[in-house]
Amino acid sequence: MRTDSSPGTLPAREHLPAAPAGTPVLDVVIPVYNEEKDLQPCVRRLHEHLDRTFPYAFRITIADNASTDTTPQVARRLAAQIPEVTTFRLEQKGRGRALRAVWSASDAPVLAYMDVDLSTDLNALLPLVAPLISGHSDLAIGSRLARSSRVVRGPKREFISRAYNLILRGSLQARFSDAQCGFKAIRRDVAQILLPLVEDTGWFFDTEMLVLAERAGLRIHEVPVDWVDDPDSTVHIVKTATDDLKGVWRVGRALATGSLPLDRLARPFGDDPRDRDIEDVPKGLARQLVGFCVVGALSTLFYLLLYSGFRVFTGSQTANALALLVSAVANTAANRRLTFGVRGRGGAVRHQAQGLVVFGIGLALTSGSLAALNAATSEPAHSTELAVLVAANLAATVLRFLLFRAWVFPDRREDDPARAASPSYDPVRAASPSYDTTPFRAGEVADSWRDATVQLLPVRPHDTDARDSR
């Protein structure tokens with residue numbers, strides 16, 4: 001996983017600015033390897049569809065992955081006959097390598113790709129790219145697994161596709177539904193930031209890109225598609241599945257160890273409603289409550305196991321104190337990272353010290369409950385002790401959350417009014433002081449788009465000079 005380059009600040013979402021007449025808004029890449037038979041009918045069909053239905057200028061780029069048949073000659077012939085078609089030759093195989101090369105060099109603000117077999121119904125192309133043009137989304141994917149999708153394919157491929165996406169959901173917590181559909185698009189300004197972080201050069205390329213985009217907080221738009229399996233597909237299912245699983249392991253390990261610099265990304269959207277100051281609505285309260293409840297449930301189970309273990313060797317009060325102490329340290333560490341999003345070692349000792357004060361309050365509640373039980377019954381049953389402790393812990397949990405939120409892990413973004421008023425103040429970076437969040441410019445081209453104020457005007461491809469080779 002590439003970690004040698006720090007990502008830049010992702011751009012704010014906005015409608016694409018106006019472009020000179022003839023400049024393509026969309027660049028559709030078709031990666032091919034030894035596709036001399038299917039390439040010409042695919043390109044002509046795609047061009048006819050775009051020319052008839054797409055309201056902006058476009059380009060079709062054939063990305064040849066070191067073909068050894070007559071595919072390069074077919075591509076050059078198509079580029080000579082159709083002004084909107086260009087060809088790009090790579091001397092190494094790899095779909096990801098081809099997409100990275102063409103997307104990195106393209107001047108179109110919206111970049112897309114589709115497989116040469118055109119298994120996906122082309123009527124989904126405009127819905128795919130429209131949210132990117134409008135600024136609503138940052139990436140878009142076709143999904144064969146959506147409820148309204150209509151798919152024709154064999155049970156073997158259906159099983160492999162669904163199993164793979166279940167693996168992604170279970171191992172990488174991916175929320176997108178279909179990682180393998182060869183029908184995706186991305187805004188170029190976003191691609192400039194994400195592509196340097198994507199390591200894979202083969203079939204796992206777009207899956208890795210989607211996982212990183214999702215972790216970076218980008219919005220991924222999904223389009224249900226109609227899809228018909230190509231029985232003549234040359235994809236080696238076993239090898240592709242093996243490579244994909246290796247990629248899942250590599251990305252999962254990088255995310256688990258924190259070696260990816262995604263956490264250094266500032267909030268990517270200047271118009272994110274979560275950044276707005278709204279009175280009487282605590283920021284992040286719902287997410288924190290869910291995280292706190294999950295951590296609390298696991299901590300309670302851990303505490304009860306410890307108490308049962310210590311109770312074999314000592315009295316109830318001592319067993320309760322030891323179990324609560326160990327579980328409190330683990331609970332504070334888990335809430336620090338998972339519930340309140342504090343990363344790094346900065347302030348960890350102070351947080352644990354404050355957590356021990358909260359532990360003392362919990363100890364007083366639970367110890368007091370045990371003392372009251374022992375006063376009422378000389379030899380209470382073990383199950384009764386556990387029931388009393390659970391009830392006392394529930395009462396202490398509410399107080400613990402309030403103390404964690406208001407005292408141990410407070411939102412410090414507005415503690416310094418002078419700093420908050422500074423033009424260079426970034427509330428997102430202030431919320432994570434343990435990270436180096438020095439911004440990295442995505443490039444002069446992306447910056448110039450944000451300076452534009454004119455709405456993008458539709459440009460029909462045939463309204464431009466036919467001699468424009470683009």
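Over the ring of which residue does the charged end of arginine 144 sit? The ring belongs to tryptophan 227, and the charged end of arginine 144 sits 4.8 Å from its centre. A second contact of this kind involves lysine 93, which lies over the face of tyrosine 33 at 4.1 Å from the ring centre.

The model described here is predicted. Its protein chain has a mean pLDDT of 78, and 77% of the residues reach 70 or more. Over residues 413–470 the pLDDT stays under 50, and for this stretch the model has 94 contacts beyond four places in sequence.

**The sheet and its helices**

Seven strands make up an open sheet with mixed pairing, and their order is E3-E2-E1-E4-E7-E5-E8. Strand E3 (85–90) and strand E8 (220–224) stand at the edges; each has a single partner strand, so one side of each is left without a neighbour in the sheet. From one strand to the next, the twist averages 20°.

Within this sheet, strand E1 (residues 26–32) pairs with strand E2 (residues 58–65) in the parallel sense, over seven bridges. Proline 31 stands opposite alanine 63 in E2.

Helix H4 (residues 125–134) packs on the sheet and touches E1, E4, strand E5 (139–143), strand E7 (183–187) and E8. The direction of H4 makes about 15° with that of E7. Helix H7 (residues 205–215) also packs on the sheet, where it touches E4, E5, E7 and E8. The direction of H7 makes about 125° with that of E5.

**Two residues in these elements**

Valine 110 is in strand E4, which covers residues 110–114. Not counting residues up to four places away in sequence, valine 110 touches Leu16, Val25, Leu26, Asp27, Val129, Leu132, Ile133 and Ile186. The C-alpha atoms of valine 110 and valine 129 are separated by 7.3 Å, and the two residues are 19 residues apart along the chain.

Threonine 207 is found in helix H7. Leaving aside its neighbours within four places in sequence, threonine 207 is in contact with Tyr164, Leu168, Phe176 and Ala179.

**Aromatic pairs**

How many aromatic pairs does a search of the whole structure find? The search finds ten. One of the pairs is formed by phenylalanine 340 and phenylalanine 409, which are stacked with 5.0 Å centre to centre and 25° between the planes. Phenylalanine 340 lies in the loop between helix H10 (316–339) and helix H11 (348–376), while phenylalanine 409 lies in the loop between helix H12 (382–408) and helix H13 (417–421), so the pair ties together parts that are 69 residues apart in sequence. Ring pairs also link these two residues with others: Phe292, Phe340, Phe401, Phe404 and Phe409 form a cluster.

**Burial of selected residues**

A residue counts as buried when its relative accessible area is under 20%.

| Residue | Relative accessible area | Class |
|---|---|---|
| Valine 110 | 0% | buried |
| Threonine 207 | 1% | buried |
| Phenylalanine 409 | 6% | buried |
| Phenylalanine 340 | 11% | buried |

Terms used. Residues numbered from 1 in each chain as written. Predicted model: local features only at pLDDT ≥ 70, side-chain atom pairs only at ≥ 80, totals over all residues. Heavy atoms only, no water. pLDDT = per-residue confidence, 0-100. Contact = heavy atoms within 4.5 Å. Helix = DSSP H or I, 4+ residues; strand = E, 2+ residues; numbered from the N terminus. Buried < 20%, exposed > 50% of the residue type's maximum accessible area, 1.4 Å probe, protein only. Pairing = 2+ DSSP bridges. Axes fitted to C-alpha atoms, helices over the stretch in contact; angles between N-to-C directions. Phe/Tyr/Trp six-rings, centres within 6.5 Å; stacked < 30°, edge-to-face > 60°. Lys NZ or Arg CZ within 6 Å of the ring centre and 35° of its normal.
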